[in-house]
Amino acid sequence: MKTLLIIDVQNDFMPNGSLPVAEGDRIVPVINNIQDQFDLVLATQDWHPKDHISFASNHDGKSNFDVIELHGQPQTLWPDHCVQGTEGADFHPDLNTAQFEAIFRKGTDSAIDSYSAFYDNSHLKSTGLTGYLKEKGVTELYLCGLAADICVYFSILDAFNEGFDCTFIDDASKALDNIHLDNLKQEMLTKGITIINSESLL
Ligand code: VGL
Ligand code: ZN
């Protein structure tokens, strides 16, 4: 079962959003164009309470993009983004959501951040996505979305470690930091993760 997992294509990650990813809006038509090629289409939403620990605004004296230590791990402090029920947390209005069979929301616990669609950043809590995919008989997982070097990357890493055959769709994803993404792509290839452009699906 060929499955597409679309990560965090939400307004706050668009060029005019609170945590903008350059050209983030360019991937929307690309993703719309490939959805028909899959047996199953799933999506995630970053979905934070207002008092979320990853927001710099919730730490006295800290600024956006400062890095603190949290549960023994480095945690970047972000501008407020994807607050539950706000327009910033909605999918991009042009994203075709009609075929989404399920939407997994993450980062919902005030005290823990969750970049991956599968686990929180400390691997303490599962979202249930692995069980969902295994019960559906999914083996082949294609991932794309925002931000390529953060939430898409950590989702691919977890999916790979859970035993799924993973493909990163490069032109259906945009990064916060493109130099960082180049390094991560090298790491993906070394591990045995496939990287494609969307045209090879059509
Ligand atoms: C993301 C930073 C903070 C993402 C989510 O979706 O890549 N990045 N929260
Ligand atoms: Zn977030």
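A residue is taken to be near a molecule or strand if its C-beta atom, placed from the backbone, lies within 6 Å of it. On this basis, the residues around ligand 1 are Asp8, Asp46, Trp78, Tyr115, Leu146, Ala147, Ile150 and Cys151. The model is a predicted one, in which local features need pLDDT of at least 70 and side-chain atom pairs count only at pLDDT 80 or more, while totals for chains, interfaces and linings use all residues. Residues are numbered from 1 along each chain as its sequence is written, and chains are lettered from A and ligands numbered from 1 in the order in which they are written.

By class, the shell around ligand 1 holds six nonpolar, two charged and no polar residues (Ala, Val, Leu, Ile, Met, Phe, Trp, Tyr, Cys and Pro count as nonpolar, Asp, Glu, Lys and Arg as charged, and the others, Gly among them, as polar). Two spots in this shell deserve a look at the backbone. Most residues other than glycine have a negative phi, and most peptide bonds are trans. Aspartate 8, however, has a positive phi of about 50 degrees; its place is in the loop between β1 (2-7) and α1 (27-34). The peptide bond from leucine 146 to alanine 147 is cis, with omega near -25 degrees, and alanine 147 lies in the loop between β6 (140-146) and α3. Helices (H or I, at least four residues) and strands (E, at least two) are DSSP runs, numbered from the N terminus.

An unreviewed UniProt entry lists residues 3-198 as "domain: Isochorismatase-like"; UniProt positions are given in the numbering used here, feature names are shortened, and annotations may be inferred rather than shown by experiment. Over these residues the chain is 22% helix and 24% strand.

Six strands form an open sheet in the order β5-β2-β1-β6-β7-β8, with parallel pairing (two strands pair if DSSP finds at least two bridges between them). Its edge strands, β5 (100-106) and β8 (194-196), each pair on one side only. Strand β7 (residues 165-174) joins β8 over three parallel bridges, and phenylalanine 168 stands opposite isoleucine 195 in β8. Elsewhere, β3 (residues 67-70) and β4 (residues 73-76) pair in the antiparallel sense over four bridges. Valine 67 has threonine 76 of β4 as its bridge partner. Two residues lie between the strands of this hairpin, where histidine 71 takes a positive phi near 50 degrees.

Helices α3 (residues 148-161) and α4 (residues 178-191) pack at an angle of about 10 degrees, with axes 11 Å apart. Axes are lines fitted to C-alpha atoms, for helices over the stretch in contact, and angles run from 0 to 180 degrees between N-to-C directions. The two helices, α3 and α4, are therefore roughly parallel to each other (angles under 35 degrees count as roughly parallel). Their contact includes Tyr153 and Phe160 of α3 and Leu184 and Met188 of α4, contact meaning C-beta atoms, placed from the backbone, within 7 Å.

Methods
Parallel < 35°, antiparallel > 145°, perpendicular 65-115°, else oblique. Contact = placed C-beta atoms within 7 Å.
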